[in-house]
Amino acid sequence: MSKPNPIQELRARADAFWQVRTEQERKLLRIGGIVVGLGLFYSLLIDPALSGRAALHQSLPELHQQAAEMQNMAREAQALQGQNDIAPTPMTRDNLNAGLAARGLNPQSLNVTGEYAKLQFTGAQYPGIVAWLDAIRVESRITVVDASFTAQDTPGVVNGSLTLRQGVR
């Protein structure tokens, strides 16, 4: 004996239900089904699209204003990028020694000639040298022209020489 298909059973029940209805009841059920179908179609597809469109239409002026402000700020940033009103602190022996001492560094020799400086370190902490170089690069526009380091037996300790130059970017 084969097992009845649940879909066929459901279809048979629906046909039996439909056959016992009068023509007027069938007509009302068809109209009701169409109304329910149209309601579902509208509530699931049409209404979300229309309300989303209205929300976007309301937020559009604000978005245009924000875009215009961002464009103005971008133009202003572009104009200010090339300007640098603050002149860097001139590179002097005293300024370099003060920055080195603040980071616990003591160069073996320090010679400043014009816009160039030559430093030699013996047994200096490499992280301290890197931090100091980063600071003077930002604050005083001093760049490294030449650098030579030799690692020592103690981790993080180096011997080295630096040639620095202060110039306009």
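**View 1. The Gln 166 side chain and the backbone of Met 91.** In this predicted model, a polar atom of the Gln 166 side chain sits 2.7 Å from the backbone nitrogen of Met 91. The Gln 166 side chain also gets to the backbone oxygen of Ser 140, this time at 2.9 Å.

View 2. Is Gln 166 buried or exposed? Its relative accessibility is 13%, so it counts as buried, the cut-off being under 20%.

**View 3. Gln 166 on strand S4, next to S3.** Gln 166 belongs to strand S4, which covers residues 157–166. Across the way, Ile 142 has Gln 166 as its bridge partner in S4. S3 and S4 run antiparallel, with nine bridges joining them.

**View 4. The open sheet.** Here are four strands with antiparallel pairing, ordered S1-S2-S4-S3. Strands S1 (109–113) and S3 (142–151) each have a single partner strand and stand at the edges, so one side of each has no neighbour in the sheet. From one strand to the next, the twist averages 15°.

**View 5. Helices H3 and H4 against the strands.** Helix H3 (residues 93–102) packs on the sheet and touches S1, S2 (116–125) and S3. The direction of H3 makes about 145° with that of S1. Helix H4, residues 126–140, lies across S2, S3 and S4, and H4 runs at about 10° to S4.

Terms used. Residues numbered from 1 in each chain as written. Predicted model: local features only at pLDDT ≥ 70, side-chain atom pairs only at ≥ 80, totals over all residues. Heavy atoms only, no water. Helix = DSSP H or I, 4+ residues; strand = E, 2+ residues; numbered from the N terminus. Buried < 20%, exposed > 50% of the residue type's maximum accessible area, 1.4 Å probe, protein only. Polar contact = N/O pair within 3.5 Å; in protein donor to acceptor, adjacent residues only side chain to side chain. Pairing = 2+ DSSP bridges. Axes fitted to C-alpha atoms, helices over the stretch in contact; angles between N-to-C directions. Contact = heavy atoms within 4.5 Å.
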